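Please look at the sequence and the structure below. Then read on for a short tour of its strands and helices.

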Amino acid sequence: MPDLLEVKNLKTGFHSENGFLPVVHGVSFNVKQGEIVGLVGESGSGKSVTSLSVMRLFHDTPGEIVEGEITYKGKNLLDLTEKEMTSYRGKELSMIFQEPMTALNPVLKIGRQMRETIMMHMGMNKKDAHQYAIETLESVGIPRAAEIMNEYPHQLSGGMRQRVIIAMQISCNPSLLIADEPTTALDVTIQAQILKLLERIQAKTNMGILLITHDLGVVAEICDRVIVMYAGEIVEEATAVELFENPQHPYTKGLMNSVPKIGSKKKRLDSISGTVPNASNMPKGCKFAPRCPYAMPICQEKEPGLIASENHSARCWLLDEETVKEEEKQIDY
Ligand code: SF4
């Protein structure tokens, strides 16, 4: 499958009173056509800033992409003018956010918001856009779609609002959909329905999906491949099957231990102690060292690179046999 999106050495940060604070430190990954890729990490790991960078959505914020390439269908999005980028957003690349209320205009009826998106990107007249909007709402499982066109966002439940957003974002047949925590604000039953819906849409349209989440349970449901981020870096990447069978990075293992397992008798889940370091105060060496139960002396001094094997890579000194031997020798003395 060809690459739809290729991100190379992306560096993004925010300007603050204390100068520029880097948040994403040279991230590289790709999304192929027809693939669902999960970008996973705790809050503060840099995953949302990475997705906002792909969409170049830093208006009215002090965010800036300072280095890297974001190639979509062979074109570097960072070379586009803002006007050109606007025509890509919604038509080629779409994004769904966690809280649908922020993406919908509360004072405009659903119908008008749907129609305007469709007319802008699909070049349809008002009548055709109206009919197409109803069909798209029906395709995402919205009952009484024609009536809902006449309602305001606050008249719908959270789950229905998220379906409206999904309908709006897929109405222009984008090739890449970025879904940032699309189910976090919803209750568990609705979460499962929305994930199934995304999976069904992907299978029907063959679009690529980049799914941003803090929840490995969500990843296990629908992703083909998983990228784990910590403190602005990729710390592990593998196919979903491989990652769940053979997690390599202590952070990924910690995330897995905090996901409830079906049939487990454990009452309390193990969470990872500590928090993601602040962008203004990154530890030296491995950024996970202050929280890592396996940290060795070298971890506090030198940052590991990504160590790759077939279909799997992870950023941890434990995967480098020579280093582990050296560290053991030092401890023996
Ligand atoms: Fe832990 Fe060291 Fe591996 Fe970092 S490099 S995850 S501190 S063992």
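Predicted model: local features only at pLDDT ≥ 70, side-chain atom pairs only at ≥ 80, totals over all residues.

Residues are numbered from 1 along each chain as its sequence is written, and side-chain values use heavy atoms, with hydrogens and water left out. Helices (H or I, at least four residues) and strands (E, at least two) are DSSP runs, numbered from the N terminus.

**The open sheet**

Strands of a sheet pair through backbone hydrogen bonds, either parallel or antiparallel. Two strands pair here if DSSP finds at least two bridges between them. Four strands form an open sheet in the order S2-S1-S4-S5, with antiparallel pairing. S2 and S5 are the edge strands, and each pairs on one side only. Serine 16 has glycine 19 in S2 as its bridge partner. Helix H1 (residues 47–55) packs on this sheet and touches S1, S2 and S4. Contact means heavy atoms within 4.5 Å. The direction of H1 makes about 110° with that of S1.

| Strand pair | Sense | Bridges |
|---|---|---|
| S1 (residues 3–16) and S2 | antiparallel | eleven bridges |
| S3 (residues 36–40) and S9 | parallel | four bridges |
| S9 and S10 (residues 233–239) | antiparallel | six bridges |

**The buried strand**

How many of the six residues of strand S9 are buried? Six of the six are, so S9 (residues 225–230) is largely enclosed by the rest of the structure. Buried means under 20% relative accessible area, with a 1.4 Å probe and protein chains only. Arg225, Ile227 and Met229 point one way from S9. Val226, Val228 and Tyr230 point the other way.

S9 pairs with S3, where valine 40 has valine 228 as its bridge partner. S9 also forms a hairpin with S10, with two residues between them. Alanine 231 in that turn has a positive phi of about 45°. Tyrosine 230 stands opposite glutamate 233 in S10.

**Two helices**

The axes of helix H4 (residues 110–122) and helix H7 (residues 158–170) come within 9 Å and cross at roughly 20°. That makes H4 roughly parallel to H7, a term for angles under 35 degrees. Axes are lines fitted to C-alpha atoms, for helices over the stretch in contact, and angles run from 0 to 180 degrees between N-to-C directions.

Which residues meet? Ile110, Gln113, Met114 and Thr117 in H4 meet Val164, Ala167 and Met168 in H7.

Technical notes. Parallel < 35°, antiparallel > 145°, perpendicular 65-115°, else oblique. Buried < 20%, exposed > 50% of the residue type's maximum accessible area, 1.4 Å probe, protein only.
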